[in-house]
Amino acid sequence: LPPLPSIPSRKRNSHLIWTSSDQWKRLHLSLQELLVWLQLKDDELSRQAPIGGDFPAVQKQNDVHRAFKRELKTKEPVIMSTLETVRIFLTEQPLEGLEKLYQEPRELPPEERAQNVTRLLRKQAEEVNTEWEKLNLHSADWQRKIDEALERLQELQEATEELDLKLRQAEVIKGSWQPVGDLLIDSLQDHLEKVKVLRGEITPLKENVSYVNDLARQLTTLGIQLSPYNLNILEDLNTRWKLLQVAVEDRIRQLHEAHRDFGPASQHFLSTSVQGPWERAISPNKVPYYINHETQTTCWDHPKMTELYQSLADLNNVRFSAYRTAMKLRRLQKALCLDLLSLSAACDALDQHNLKQNDQPMDILQVINCLTTIYDRLEQEHNNLVNVPLCVDMCLNWLLNVYDTGRTGRIRVLSFKTGIISLCKAHLEDKYRYLFKQVASSTGFCDQRRLGLLLHDSIQIPRQLGEVASFGGSNIEPSVRSCFQFANNKPEIEATAKHQAKCNICKECPIIGFRYRSLKHFNYDICQSCFFSGRVAKGHKMHYPMVEYCTPTTSGEDVRDFAKVLKNKFRTKRYFAKHPRMGYLPVQTVLEGDNMETPASSPQLSHDDTHSRIEHYASRNLQAEYDRLKQQHEHKGLSPLPSPPEMMPTSPQSPRDAELIAEAKLLRQHKGRLEARMQILEDHNKQLESQLHRLRQLLEQPQAEAKVNGTTVSSPSTSLQRSDSSQPMLLRVVGSQTSESMGKHFS
């Protein structure tokens, strides 16, 4: 057995054991307290979750966690010191006496019990160290989440504030909009442009809205549930954006409709051109028509235009076609207020609307716009004389009646110009120059097609008035042909032809342009200026026959005219009074022959007589032509010609056959011309029928009135017979005749 320690040695060991056990107790207690504290802090950190749904809430969480981190930092030295003390204690303290601290069953040996106490202390220290590290990692992870959430929420807040500001600015503009019904018609276009500018400015806001919504979705994927405040803001922004888009589009649509229905390019302002019970309506192709709610009927003509046509029918009792047509045109011109329109003003309006391409069609709105420009200017110059809506509507109605009888809604630019220029206030020569310039080339020449278009548009005006027969019918081919000469197969208008002759009135020599030679007097010539103005020299009457030349005369023409003058010398004045040879245009029509006079339209001519004259004229000319060719062949000793209807062989076998074929071709060509002239006569016949119908209505009206009043009137036939015995047949005379010549005509 080992020797027993001495008494001082036992006291010293007892003191050490007591000291170690006391220190162990303190360390054990400290580690337990730290474990409890760490558990509390971990629970506190867990309670800080989840991340707030808006920036202020997360900012508050960040402040709380910063305080939490400061607390951890303050506690860190204590924990580190305790762990270090435990480590030193376990390293330096003996195991003797520690077994007494072990409260477990005593069956274990003392050494094992001392090791268990040491192991318990070490385990507590390890738990404290582990919990401390876990708490620090948890805190760092939470701080990272807070920082990321703050960054995203700050972006969302800035984006929403920017979007809100832009929406407010757009909403301020939207709030300043006046109701469309309160806007001035002239300002509709300006308001429309402003709204379109606003639409362009708010278009980029779509990207802002998408960006805000994307940020919100990103926060959701990060596990951040937006707060009700942020959700309300997002919903409000999206709703305001959609409402703003809808408001802008609705505003543009309303302005478009208002501009279409009420703007300068619309026809709404023309609705005031009619009064009740009439209403102006528009067909799908923009052509106006008129509804009479009283009779429940519709018609194409404006009520005032119908009244105008009725008043024009009253002029049919004027016997001479020149004056009748002129009076109708004058009444129409005044009704449309075009007698106030100068040629320069008309040209300015046409140029303002860029009407350069004469072959291009114009729709109804283009016609209305140009007419509105014309009449607005006239209203400024003659305020009390021009009713713009009424004048525009009536002029449009007249143009459609003349150039668009089918109401297709389109007329050519040249037709529009012809109608307006023909009725404007200007000298006749100036009108001619302007209209010719429209169809002439840059070099001043005009081909047959273009001249034909101009004459076709011009002849539609008297045609619509029922006076086309006074101008040789609606076939303008003879008039075009008479204006051209064919040199090298290239037709050109000889507007500057020189004639070696002197005008017997103004003494112009040589005569430039058209030359008019008298077929009553020798060496009597008139220039175109004097002829157009109706001037005559002493001893020469307006009804004396004349012939027009647009090119210098040949010797054959001189001989022919000399023979005609010689023949007319032996005719009495009474013959010329009964057989006038004067007309507007010296064009060969179906009833003129070589003398180039125009036919007289007589209402008394019956239908049967007209057709018989057509048949007689055609057979006479065809037979005369055949007899002439037959005599020529017989004179040359050739075989007789076959009858005109027979067909000639297509392949000649001899020069004689070739000559016969050529003659037959001439006959067929002449037959074609005769058929064309017969067609013209048929057209004249239809026009005469319409004139006769109007004349009968005029004659029947006084009879009806007389029967009502109990009086008797003479029959129309008797009146017409008396009229025929006292006055010559209805004539066509130059419209620019002087009052003196007019009086001579009537006498």
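According to an unreviewed UniProt entry, the annotation "coiled-coil region" covers residues 139-173 and 671-705. In this predicted model, the chain over residues 139-173 is 100% helix and 0% strand, and the C-alpha atoms at the two ends of that stretch are 51 Å apart.

- After α8 comes C337, which has a positive phi, near 60°.

**H28 in helix α1**

- H28 belongs to helix α1, which runs over residues 7-47, and its relative accessible area of 15% falls under the 20% cut-off, so H28 counts as buried.
- The side chain of H28 makes a polar contact with the side chain of Q32, at 2.8 Å.
- When residues up to four places away in sequence are not counted, H28 touches L120, L121 and Q124.

**Nonpolar cores**

- The largest nonpolar core holds 61 residues, of which L336, L371, Y375, L399 and F416 touch the most other members.
- The elements that give two or more residues to this core are α7 (303-313), α9, α10 (364-381), α11 (388-403), α12 (413-423), α13 (428-439) and α14 (448-464), and the largest share, twelve residues, comes from α11.
- L336, with its neighbours within four places in sequence left aside, is in contact with M305, Y375, C391, M394, C395, W398 and L423.
- There is also a second, separate core of 55 residues, whose members include L83, A149, L153 and L244.

**Cis peptide bonds**

- The peptide bond that leads from A49 to P50 is cis, with omega near 0°, and P50 is placed in the loop between α1 and α2, the latter covering residues 55-92.
- The peptide bond from C509 to P510 is likewise cis, with omega near -5°, and P510 is found in the loop between β8 (498-499) and β9 (511-512).

**Positive phi outside glycine**

- N354, a residue other than glycine, has a positive phi near 55°, and it lies in the loop that connects α9 (343-352) with β4 (361-363).
- The relative accessible area of N354 is 54%, which is over the 50% cut-off, and N354 is therefore classed as exposed.
- K507 is not a glycine either, yet its phi is positive at about 70°, and K507 sits in the loop between β8 and β9, where P510 is also located.
- With a relative accessibility of 51%, K507 passes the cut-off of 50% and so counts as exposed.

Methods
Residues are numbered from 1 along each chain as its sequence is written. This is a predicted model: local features need pLDDT of at least 70, side-chain atom pairs count only at pLDDT 80 or more; totals for chains, interfaces and linings use all residues. Side-chain values use heavy atoms; hydrogens and water are left out. Helices (H or I, at least four residues) and strands (E, at least two) are DSSP runs, numbered from the N terminus. UniProt positions are given in the numbering used here, feature names are shortened, and annotations may be inferred rather than shown by experiment. Buried means under 20% relative accessible area, exposed over 50%, partly exposed in between (1.4 Å probe, protein chains only). A polar contact is a pair of N or O atoms within 3.5 Å; within protein, one must be able to donate a hydrogen and the other to accept it, and residues adjacent in sequence count only if both atoms are side-chain atoms. Contact means heavy atoms within 4.5 Å. A nonpolar core is a set of buried Ala, Val, Leu, Ile, Met, Phe, Trp, Tyr and Cys residues joined through side-chain atoms within 4.5 Å.
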